Amino acid sequence: MHSTVQSDVFSFEVSDKGGRTSARSYPAGGQGARGVTLVLAHGAGAPQTHPWMVSMAKTLAGRGIAVVTFNFLYTEAKRRAPDKSDVLEATWLAAIEAVRPRAGTGRLFIGGKSMGGRIATQVAARPGVAVDGLVLLGYPLHPPGKPAQLRTAHLQHVRAPMLFVQGARDAFGTREEMEPIVAGLSRGTRLFVVEGGDHSLSVPKSTGITIADTMVRVADEIVRFTSR
């Protein structure tokens, strides 16, 4: 479905942290460019080249959304432990500035998988950071088994609409846990639930639904969200 989508590699500086990291650009194709660029950050345990990230980027690009992914500094250096929050946020801010000229006059959305999406919301909650919306794939509402440790205090300060794509059985935040949180957030924010999905949006094999099938459904929802 997306085998013809190719990525271009570039890099950018995270100046105040003394680092440089790589990024990949997936130009919009398929049904034609929609004038939307989505920057996606990877989760804590895998880089931008993980098959999940590449497949999602290509699926979206095939539906007319230009996608840019990037590595946080720790993954670029092939370290396992994530950077501290201030370094993660600085890398996100540098990524936004690197991508804006590429987006041109089109709309700019940010987000990511798990931790990458969470840090995107922290950046979007800062004064002066303007984006058109956020796409959060498996938002880590709390650590598994620790529902009281909510990562929500900053979400009230995010002014842009957010799309939370969550597996119904995600150990980091189930549908029942997410619904009341999402209901109180910025106008246009909504929750899209993958029935039977886990933190990676995978559903049980017994359903016959593949992760590729799910990514198509998720990509279609992201198209609707970014086309409002």
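**Thr121 and His154**

I looked up the contact between Thr121 and His154: their side chains are joined by a polar contact of 2.7 Å. A polar contact is a pair of N or O atoms within 3.5 Å; within protein, one must be able to donate a hydrogen and the other to accept it, and residues adjacent in sequence count only if both atoms are side-chain atoms. The model is predicted, so I note its limits: local features need pLDDT of at least 70, side-chain atom pairs count only at pLDDT 80 or more, and totals for chains, interfaces and linings use all residues. Residues are numbered from 1 along each chain as its sequence is written, and side-chain values use heavy atoms, without hydrogens and water.

Is Thr121 buried or exposed? Thr121 counts as buried because its relative accessibility is 0%. Buried means under 20% relative accessible area, exposed over 50%, and partly exposed in between (1.4 Å probe, protein chains only).

I then listed what Thr121 touches, leaving out residues up to four places away in sequence. The list is Leu134, Leu136, Tyr139, His154, Leu155, Val158 and Met162. Contact means heavy atoms within 4.5 Å.

**Helix α4**

Thr121 lies in helix α4. Helices (H or I, at least four residues) and strands (E, at least two) are DSSP runs, numbered from the N terminus. I checked how covered α4 (residues 115-124) is, and 10 of its 10 residues are buried. Among them are Met115, Arg118 and Gln122. The buried residues of α4 pack against β3 (36-41), α2 (73-76), α3 (85-103), β5 (107-113), β6 (133-137) and β7.

**The sheet**

Next I traced the sheet. It is open, has 8 strands and mixed pairing, and its order is β1-β2-β4-β3-β5-β6-β7-β8. Two strands pair if DSSP finds at least two bridges between them. The edge strands, β1 (8-14) and β8 (190-194), each pair on one side only. From one strand to the next, the twist averages 20°. Axes are lines fitted to C-alpha atoms, for helices over the stretch in contact, and angles run from 0 to 180 degrees between N-to-C directions.

**Its two ends**

At β8, I found 5 bridges to β7 (residues 162-167), and the two strands run parallel. Phe164 has Leu191 in β8 as its bridge partner. Helix α5 (residues 175-183) packs on the sheet and touches β7 and β8; its direction makes about 170° with that of β8.

At β1, I found antiparallel pairing with β2 (residues 19-26) over 7 bridges. Val9 stands opposite Arg24 in β2. β1 and β2 form a hairpin with 4 residues between them, and Gly18 in the turn has a positive phi of about 65°.
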